[in-house]
Amino acid sequence: MQPAAPRYEERLTAPASWWIIAGLMGVCGALILLPLGPIPMLAGLVGAGAIAMGCVSSYGSARVRVLGDSLVAGDARIPLSALGEPEVLDADETRAWRLHKADPRAFMLLRSYVPTAVRVVVTDPQDPTPYVYLSTRDPQGLAAALEGARAA
């Protein structure tokens, strides 16, 4: 049996400037080990660069998907039956829900470099989570996929 094709899929990749900074971290590692000779310098370049790029890659590998009857956000899998209507947040509302409107009990897949988001109220009475906050570059597309999947 084939798994259902995703109705929506997005990877929240890190911006290019973060990759440049990770490369500069490799250069810093090389400069630190420069007094020890050329071989340790190269090892510092490769080692520090690999560690920094691995960190950027793992942080930027978060995915948001709507698969069949569930929303998959990062490591969380949430059934659509437990979710209410999605609310598209513009840049100002996104910032407000990250700061003064935020509830510490909420599930948040937050990426500060993504300017827009979708907020979905959790309707399951057994779940103490009030809402799901998802950073997304295409909030209208995610909201439409959630509504379409719930209607199906």
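**Close-up views of a predicted model**

**View 1. Helix α1 gives the largest share of the nonpolar patch, 4 residues.** The model shown here and in the other views is predicted. The patch lies on the surface and consists of Ile20, Leu24, Val27, Leu31, Leu34, Leu42, Leu45 and Val46. Together these residues have about 740 Å² of accessible area. Two helices, α1 (16–33) and α2 (38–59), each supply at least two residues of the patch. Val27 is found in α1. The relative accessibility of Val27 is 39%, so this residue counts as partly exposed.

**View 2. Thr94 is a buried residue of the model, located in helix α3 (residues 91–98).** The relative accessible area of Thr94 is 1%; this is under the 20% limit, and the residue is therefore classed as buried. A polar atom of the Thr94 side chain lies 2.7 Å from the backbone oxygen of Asp90. With neighbours within four places in sequence left aside, Thr94 is in contact with Leu89, Pro115, Thr116, Ala117 and Tyr133.

**View 3. A salt bridge joins the side chains of Arg119 and Glu87.** The N to O distance is 2.9 Å. This pair links distant parts of the chain, with Arg119 in strand β7 (residues 117–122) and Glu87 in strand β5 (residues 83–89), 32 residues apart. Arg119 has a relative accessible area of 13% and is buried, whereas Glu87, at 30%, is partly exposed. Side chains of opposite charge can pair when their charged atoms come close.

**View 4. Arg95 and Asp92 form a salt bridge within helix α3.** The closest N and O atoms of Arg95 and Asp92 are 3.2 Å apart. Arg95 is partly exposed, with a relative accessible area of 44%. Asp92 has a relative accessible area of 54%; this is over 50%, so Asp92 is classed as exposed.

**View 5. The side chains of Arg105 and Asp103 meet in a salt bridge.** Between Arg105 and Asp103 the N to O distance is 3.0 Å. Arg105 is exposed, its relative accessible area being 52%. The model has 6 salt bridges by the rule applied, including the Arg105 and Asp103 pair.

Note on methods:
Residues numbered from 1 in each chain as written. Predicted model: local features only at pLDDT ≥ 70, side-chain atom pairs only at ≥ 80, totals over all residues. Heavy atoms only, no water. Buried < 20%, exposed > 50% of the residue type's maximum accessible area, 1.4 Å probe, protein only. Polar contact = N/O pair within 3.5 Å; in protein donor to acceptor, adjacent residues only side chain to side chain. Contact = heavy atoms within 4.5 Å. Patch = residues over 30% accessible without salt bridge, like charges linked within 9 Å, V, L, I, M, F, W, Y side chains within 5 Å. Areas by Shrake-Rupley, 256 points an atom, 1.4 Å probe, with all protein chains shown as cover. Salt bridge = Lys/Arg side-chain N within 4 Å of Asp/Glu carboxyl O.
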